[in-house]
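Please look over the structure shown below, together with its sequence.

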Amino acid sequence: MFATDGGHRSGTERVGDALPEGRYRLLLPVAGETMPADAERRLRTATAIARERDGGLVVCSIVNFARQTPLDAVAADEPKLVAARETTERFVETVERTGVPATGRVHLTHQESGSVLNAVEAYDCDGVTLAIRGGQSQRRRLLTGDVAERVVSRAECEVFVEKQAADETPVETVLLAVSGGPHSGLAAQAARALALDTGARVDAVHFMSEDASDEDHEEGTRIVEAAERALTNVERVEAAVEAVEKVEETIISRSDAYDLTVLGSPTGGLLEQFVFGTVPDSVNQHTGNAVLMARDDVGSKSIYERWVAGDPTE
């Protein structure tokens, strides 16, 4: 039921049991009124990451109301609210069947753009996962690139953004594009979680410019060695350093050969546009396959912060 305060409903309703205290919490925000047809892949990604972190999912259906509608006046039998509750229940039941604990929230809001960030804080989440699809309509605003960009730039937690594949196929091959940046460690951890879940082969590659120095090549070797350490227990792993003419374009073109490409959060340029799908369709169409971007919480003492150096993380 809705939480109450002085006899008035707040903007949140809990569906299902609460997660155990002290466990990693990954927020899975969804459009509240329907269960998307592509939910299976998104749920699998989220549950794999939560399982790897020995945590659980907070499924949050976000329901938008006109600003003039007081949230504490929304009736319990409001059709949008009933649909959101049913959707949340289905998500939670699906996740729990995988053995990962899950709880649900129905989050009422006047502004979708800030609701994900609010939910991260309200439900004490350590990470959030979003999904976008290139070229989609604005009807499903919760999953559009502009909201994802805002969350990535502002959320004080781990963020995973998955660009959905044009065709939903099993994940059998993963390209892990690694760098020495602060987010590649989390990307490698996500690739490991998905590989352990699906049995996929992971190719961990550090791409560098053809005119890279000897020092750059040495650093590249350390980076792929760090990736191999992060992929412990994954049965099929190949790691390499490759010198190419154009790094960003190579990653995009190489993605066509893989079911999923995983990379750390970029800071700008073509990779950012590619992941978020905010450029014209001609760029989005460089690959129809899935992309998972990971952005670590660099504002905290992340266990991935020193991953290339191989320092102890526990």
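What volume does the largest cavity have? The largest cavity has a volume of about 40 Å³, a volume being the space filled by probe spheres set on grid points that are joined across faces, edges and corners.

## Basis of the report

This is a predicted model, in which local features need pLDDT of at least 70 and side-chain atom pairs count only at pLDDT 80 or more, while totals for chains, interfaces and linings use all residues. Residues are numbered from 1 along each chain as its sequence is written, and side-chain values use heavy atoms, with hydrogens and water left out.

## The cavity and its lining

A search of the whole structure finds one cavity of 30 Å³ or more, where a cavity is a set of points, on a 1 Å grid over the protein atoms alone, at which a 1.4 Å probe fits but cannot get out. Its lining, made of residues that have an atom within 4 Å of a point, consists of Ile49, Glu52, Arg53, Phe160, Leu186, Gln189, Ala190 and Ala193.

Helix H1 (39-52) and helix H5 (184-198) each supply at least two residues of this lining, and H5 gives the most, with four residues; helices here are DSSP runs of H or I with at least four residues, strands are runs of E with at least two, and both are numbered from the N terminus.

## Helix H5

Twelve of the 15 residues of H5 are buried, so this helix is largely enclosed by the rest of the structure; buried means under 20% relative accessible area, exposed means over 50%, and partly exposed lies in between (1.4 Å probe, protein chains only).

At 1.5 Å a residue, the 15 residues of H5 should span 21 Å, and the end C-alpha atoms are 21 Å apart, which agrees; the expected span is 1.5 Å times one less than the number of residues. Just after H5, Gly199 takes a positive phi of about 80 degrees.

## Charges over rings

The charged end of Lys80 sits over the ring of Phe65, 4.5 Å from its centre. A charge is taken to sit over a ring if NZ of Lys or CZ of Arg is within 6 Å of the ring centre and within 35 degrees of the ring normal.

## Individual residues

Asp54 lies in the loop between H1 and strand E4 (56-64), where it has a positive phi of about 55 degrees although it is not a glycine, and it is exposed, with a relative accessible area of 52%. Asn233, in the loop between helix H6 (214-230) and strand E10 (237-244), also is not a glycine and has a positive phi of about 80 degrees; at 58% relative accessibility, Asn233 counts as exposed.

Pro29, placed in strand E3 (residues 25-31), is buried, with a relative accessible area of 0%. Ala66, in the loop between E4 and helix H2 (79-96), is partly exposed, with a relative accessible area of 37%.

Note on methods
1 Å grid on protein atoms, 1.4 Å probe; cavity = no way out; pocket = protein on both sides within 12 Å on 5 of 7 lines; lining within 4 Å.
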